[in-house]
Amino acid sequence: MKPVSLSRFLIEEQRDKAQIRPDLRLLIEVVARACKSISIAVGKGALGGVLGDAGATNIQGEAQKKLDVLSNEILLEANEWGGHLAAIASEEMDDPHPIPHRYPKGEYLLVFDPLDGSSNIDVNVSVGTIFSVLRCPEGVTEPTEAAFLQPGAQQVAAGYCVYGPSTILVLTLGDGVNVFTLDREVGSFVLTRRGVRIPEETSEFAINASNQRHWEAPVQRYVAELTAGKTGPRGRDFNMRWVASMVADVHRILTRGGIFMYPVDAKCRDKGGRLRLLYEANPMALIVEQAGGAATDGHGRLLDRTPRGLHERVPVFLGSRQEVERVTAYHREA
Ligand code: AFP
């Protein structure tokens, strides 16, 4: 069968299924093109002169890598002229980025983590871009932070691009999850997996086990049962993976199942968690749910939370439905 390009897929979603509007199709194509540029920059490694620290810190108090700043600029420059956005927000910027007055505005808000997992760049481990699309509230012509503070269930689209052995774009428009692989020779994303489903059951979990002493009781209980293996209450052995790049960990789970956990721990309790709700947890939660998985903050559905700030952090439990439901039940019992 002839390969289906991202452009053709989006046109069919728009024309045949009326699933998306022309402006959203344009937005997704522009973001995908920006991800291609980021993939090229990341792929150059030391030869591109963009490894190492940028010498600045972001609002999260994290040292910015040169590629964090470059990726952010690539996404801003690609998206500000198109006329499909009312504003842009990013992990790397304290406040929303207004669309310059010389360009028309559109009905969507774009929020992203331009380069997630950036502590892995200098050691050549997969990193990625995570993005989320919301509608700008009716009548809001100069969107401020408040315009972005919508529950994740309001997202009209979400996706990530993982820069690994191959560059893979994973996308949901609210009607399932589809996977596109970058054909570097042609320079276009090609549909390589349609209608992804996460296995309900899994024997693989992902957590930063070095924080074990800081975990709350439900997480202590849940992980202890997994590591007890065949002779323990779960009656089978489990395996562990932790890439420390959410995009890579989530992509593995989307591909073969698993549960990803970043609970509140003593180190990040005062901030409410480690991962950011708007541009890490929410887009990943929508993708995981659209693929038949589940995503909670330990107590309730992540997509139901109303964000209290652009950079709000939350606990994250997502992946194979049976496991997420189990660890969430343990929180409720506690
Ligand atoms: P960086 O972008 O600062 O590397 O953080 C990556 C991340 O936000 C997420 O991608 C990982 O799952 C998580 O942090 C890793 O956290 P630990 O470094 O505490 O394991």
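How many residue pairs are in polar contact between domain 1 and domain 2? The count is 15, with both residues at pLDDT 80 or more. A polar contact is a pair of N or O atoms within 3.5 Å; within protein, one must be able to donate a hydrogen and the other to accept it, and residues adjacent in sequence count only if both atoms are side-chain atoms.

The side of domain 1 that touches domain 2 draws two or more residues from each of β3 (85–90), β5 (108–116), β6 (127–135), α4 (145–148), β7 (157–163) and β8 (167–172). Helices (H or I, at least four residues) and strands (E, at least two) are DSSP runs, numbered from the N terminus. The residues on this side comprise 22 nonpolar, 15 polar and nine charged. Ala, Val, Leu, Ile, Met, Phe, Trp, Tyr, Cys and Pro count as nonpolar, Asp, Glu, Lys and Arg as charged, and the others, Gly among them, as polar.

The model is predicted: local features need pLDDT of at least 70, side-chain atom pairs count only at pLDDT 80 or more, and totals for chains, interfaces and linings use all residues. Residues are numbered from 1 along each chain as its sequence is written, and side-chain values use heavy atoms, with hydrogens and water left out.

Domain 1 spans 6–193 and domain 2 spans 204–333, with bounds from an automatic or database domain assignment. Their C-alpha centres lie 24 Å apart. Contact (heavy atoms within 4.5 Å) involves 46 residues from domain 1 and 33 residues from domain 2.

One salt bridge is counted between the domains. E91 and R276 pair through their side chains in a salt bridge, at 2.6 Å from N to O. The criterion is a side-chain nitrogen of Lys or Arg within 4 Å of a carboxyl oxygen of Asp or Glu.
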